[in-house]
Amino acid sequence: MTDKNITSLTIRQPDDWHLHLRDGAMLKAVLPETARHFGRAIIMPNLVPPVVTAQQAVAYRDRIMAALPAGSDFQPLMTLYLTEGTDPADVAAAHAAGIATAVKLYPAGATTNSASGVRDFEKVRPVLDKMAEIGMPLCVHGEVTNSDIDIFDREAVFIDKVLKPLRKKVSDLKVVMEHVTTQDAVDYVRDNRKNLAATITTHHLIINRNHILAGGIKPHYYCLPVAKREIHRVALVQAAVSGDKRFFLGTDSAPHTDPNKLMACGCAGCFTATNTMSCLAEVFDAAGALPKLEDFTSLNGPQFYGLAPNDDTITLTKGAPVTYTTKIDTPDGPVTVFDPGFDLHWSVTVN
Ligand code: DOR
Ligand code: ZN
């Protein structure tokens, strides 16, 4: 059977290495969408106020566990939000106790709730040195925030101006470049074998900047880093389907209510938790690369984080277009599910 003729695929249960769950009523509404298919997820700490300390991470993890549907085995992997006041000892203790899997670096002002992020990278050097020593990964939102840098160039400039110098200074630090959107980032990861990996979102494998801007503005496709030109999307697909161990799924599924998306200054984020596995199967199928899907969603991530893959499996089956909820109701308003712009033929069964 050629790859194009595959109609059923059983793979290890996937993990999501970059996820926004929020808190309160929103958490309760969106968590089942991820827990339905995924075994684990790296949980982003950009709440208001952010999850900075080990104690805050424990409390947030407890709220996530309490919001899980009955019988779910989903496991949240917590992150700490890096600030210029973060205590290296607190980070190390949280890692040793299994409370925090990684630390998240937001350059101040880069995206949603990033005001407490890092302005002066020298101020966080002691934390980064400690993390390198204990083997704790740093998840990086890789965009500069300077107003004079064009928004479409902010990732490439970040690599040159921030990431390269930082990785030279703390060379033993394990770094995940999150939600990469450019050929530049793909090339940088490919050229650097040691301690570096990248996550790729579902939506950046599907949309380019025309989807956001051509023929009328589409706020539901607006996220950060913003989708780039088609050549960059193609580079991301090539990286994802390559099986290269340094690339794995981090959906960056980021719920905002429709009123908060559809306004003069709308929020950044695509909500893909609901249909991510069907979308990815479609992308890998179109690329003739279905046998590599498991590497991307279920094997490469755990390997980088030093964890075992999930024991459970899921089966993807190709057939008539699948139906899925297009809006998640929350007490704050509906959250629109990502529309890939094409039919999804792959249904998902958890075995
Ligand atoms: O589009 C995004 N939304 N990018 C981010 O980095 C943050 C996220 C959010 O929290 O809404
Ligand atoms: Zn994110």
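Visitor: In which helix does Glu-33 lie?

Guide: This is a predicted model, in which local features need pLDDT of at least 70, side-chain atom pairs count only at pLDDT 80 or more, and totals for chains, interfaces and linings use all residues. Residues are numbered from 1 along each chain as its sequence is written, chains are lettered from A and ligands numbered from 1 in the order in which they are written, and side-chain values use heavy atoms, leaving out hydrogens and water. Helices (DSSP runs of H or I, at least four residues) and strands (runs of E, at least two) are numbered from the N terminus. Glu-33 falls within residues 24-35, that is, helix 1.

Visitor: Is Glu-33 buried or exposed?

Guide: Buried means under 20% relative accessible area, exposed over 50%, and partly exposed in between, with a 1.4 Å probe and protein chains only. Because its relative accessibility is 7%, Glu-33 counts as buried.

Visitor: With which side chain does the side chain of Glu-33 make a polar contact?

Guide: Leaving aside residues up to four places away in sequence, Glu-33 touches Phe-271, Ala-273, Thr-274 and Ile-328, contact meaning heavy atoms within 4.5 Å. A polar contact is a pair of N or O atoms within 3.5 Å; within protein, one must be able to donate a hydrogen and the other to accept it, and residues adjacent in sequence count only if both atoms are side-chain atoms. At 2.7 Å, the partner of the Glu-33 side chain is that of Thr-274.

Visitor: Which residues are the protein donors of the zinc ion (ligand 2)?

Guide: Donors are N, O and S atoms within 2.8 Å of the metal (3.2 Å for Na, K and Ca), and sites may look incomplete, as water is not among the atoms. In sequence the donor residues follow the spacing H-x1-H-x231-D. Lying 2.1 Å from the ion, they are His-18 (NE2), His-20 (NE2) and Asp-252 (OD).

Visitor: How many residues apart in sequence are the parts that His-18 and Asp-252 tie together?

Guide: Both His-18 and Asp-252 are buried. His-18 lies in strand 2 (residues 16-19) and Asp-252 in the loop between strand 9 (247-249) and helix 9 (258-261), so the separation of the parts they tie together is 234 residues.

Visitor: How far apart in space are Gly-250 and Thr-202, C-alpha to C-alpha?

Guide: Gly-250 is in the loop between strand 9 and helix 9, and its 0% relative accessibility is why it counts as buried. Not counting residues up to four places away in sequence, Gly-250 touches Asp-16, Trp-17, His-18, Thr-199, Ile-200 and Thr-201. Gly-250 and Thr-202 are 48 residues apart in sequence, and their C-alpha separation is 7.8 Å.

Visitor: A nitrogen atom of ligand 1 is 2.7 Å from a polar backbone atom of which residue?

Guide: An oxygen atom of ligand 1 is 3.4 Å from a side-chain N or O atom of His-20. Another contact places an oxygen atom of the ligand 3.3 Å from a polar backbone atom of Gly-269. For the nitrogen atom, at 2.7 Å, the residue is Leu-224.
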